[in-house]
Each structure stands twice: as C-alpha cells, then as structure tokens.
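Trainee: I am new to this structure. Please take one part and walk me through it closely, then show me how it sits in the rest of the chain.

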Amino acid sequence: MGADLQTQQDLLAMARSQPTNLTTEQIQRMVTELGSGKDRLLAAAPERKQPLHESLGLALAFDVKKRTVVVESQPSCTYGECPRGDLNPHAQ
C-alpha cells in the first residue's frame with residue numbers, strides 16, 4: 001500500500017508543478033505504477049470502496065439489452081471548490 005500512496009503523492013506533485021502536457025513516458029509510468037492498485041480495489045470490501053465512489057460521484061447504469069454499463073462521474077471537487085486550491089494558475 002505504501003507504493004500506491006507514494007505514486008498518488010507523485011501524481012499530485014506532478015499535477016501541481018507541471019502545467020504542461022504529460023509525455024508518453026510519464027503517462028505509461030503512471031499507468032504501470034497504478035495497475036497493481038486495480039486488483040486491490042477490485043478485491044476490497046464494498047464498505048471500504050464506498051468513500052472513493054462517493055468522492056468520485058460515480059453513477060452506473062446497466063443496459064440489459066446492450067449488455068453495457070454506462071459510467072458517469074461528477075467528482076465532489078467542483079469548479080472553485082477544490083480543497084487542493086487552483087490547479088490551473090493560468091485561469092482568468
């Protein structure tokens with residue numbers, strides 16, 4: 001779990017310090033490092049996942065005929081209310 005926390009901290013630091021686009025290598029590194037967290041998230045008890053789902057504002061709708069799931073997200077961090085502050089220093 002420590003590695004996942006470090007990866008999350010690295011991503012937040014990168015988001016704060018780099019207003020430019022990520023390189024392909026940076027994206028690949030992030031995806032690779034976060035990949036191991038997917039299995040733990042899938043195996044976690046529902047009550048442990050609930051706070052994450054709520055903070056992401058997840059809503060899932062299953063279409064039986066199409067056998068598809070539509071996922072919508074409305075994160076609790078809305079414009080002007082983000083607890084991390086303004087992540088876009090160029091906004092007017």
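Mentor: Start at valine 70. Valine 70 sits in strand 2, which covers residues 68-73. Keep in mind that this is a predicted model.

Is valine 70 buried, exposed or partly exposed? Its relative accessibility is 46%, so valine 70 counts as partly exposed. The cut-offs explain the label, because buried means under 20% and exposed means over 50%.

Now look at what valine 70 touches. Set aside the neighbours within four places in sequence. The contacts are then Ala59, Leu60 and Ala61. Take alanine 59 from that list. Alanine 59 and valine 70 are eleven residues apart in sequence. In space, their C-alpha atoms are 8.1 Å apart.

Now the partner strand. Strand 1 spans residues 58-63 and runs antiparallel to strand 2. Six bridges join the two. Leucine 58 has serine 73 of strand 2 as its bridge partner. Alanine 59 is bridged to glutamate 72, again in strand 2.

Strand 1 and strand 2 form a hairpin, with four residues between the strands. In this hairpin, arginine 67 takes a positive phi near 55 degrees.

Turn to the surface. A nonpolar patch is formed by Leu41, Leu52, Leu56, Leu58, Leu60, Phe62, Val64, Val69 and Val71. Together these residues have about 810 Å² of accessible area. Helix 3, strand 1 and strand 2 are the elements that each give two or more residues to the patch. Which element gives the largest share of the patch? Strand 1 does, with three residues.

Helix 3 deserves a stop of its own. Helix 3 runs over residues 46-56, and lysine 49 lies in it. Lysine 49 is buried, yet it has no salt bridge. Where is the nearest side chain of opposite charge? That is glutamate 47, 9.0 Å away. A salt bridge here would need a side-chain nitrogen within 4 Å of a carboxyl oxygen. Beyond its neighbours within four places in sequence, lysine 49 is in contact with Leu41, Leu42 and Ala44.

Methionine 30 has a relative accessible area of 12%, so it is buried. Methionine 30 and glutamine 8 are 22 residues apart in sequence. Their C-alpha atoms lie 9.2 Å apart.

Now the whole chain. The chain has three helices and two strands. Along the sequence, the pattern reads α-α-α-β-β. The chain has 92 residues, and 9% of them count as buried. Methionine 30 and lysine 49 are both described as buried. The chain exposes about 7900 Å², and carbon and sulfur atoms supply 57% of that area. Finally, consider contacts between residues at least 6 apart in sequence. Of these, 22% join residues at least 24 apart.

Definitions and conventions. Residues numbered from 1 in each chain as written. Predicted model: local features only at pLDDT ≥ 70, side-chain atom pairs only at ≥ 80, totals over all residues. Heavy atoms only, no water. Buried < 20%, exposed > 50% of the residue type's maximum accessible area, 1.4 Å probe, protein only. Contact = heavy atoms within 4.5 Å. Pairing = 2+ DSSP bridges. Lys, Arg positive; Asp, Glu negative; His and termini not counted. Areas by Shrake-Rupley, 256 points an atom, 1.4 Å probe, with all protein chains shown as cover. Patch = residues over 30% accessible without salt bridge, like charges linked within 9 Å, V, L, I, M, F, W, Y side chains within 5 Å.
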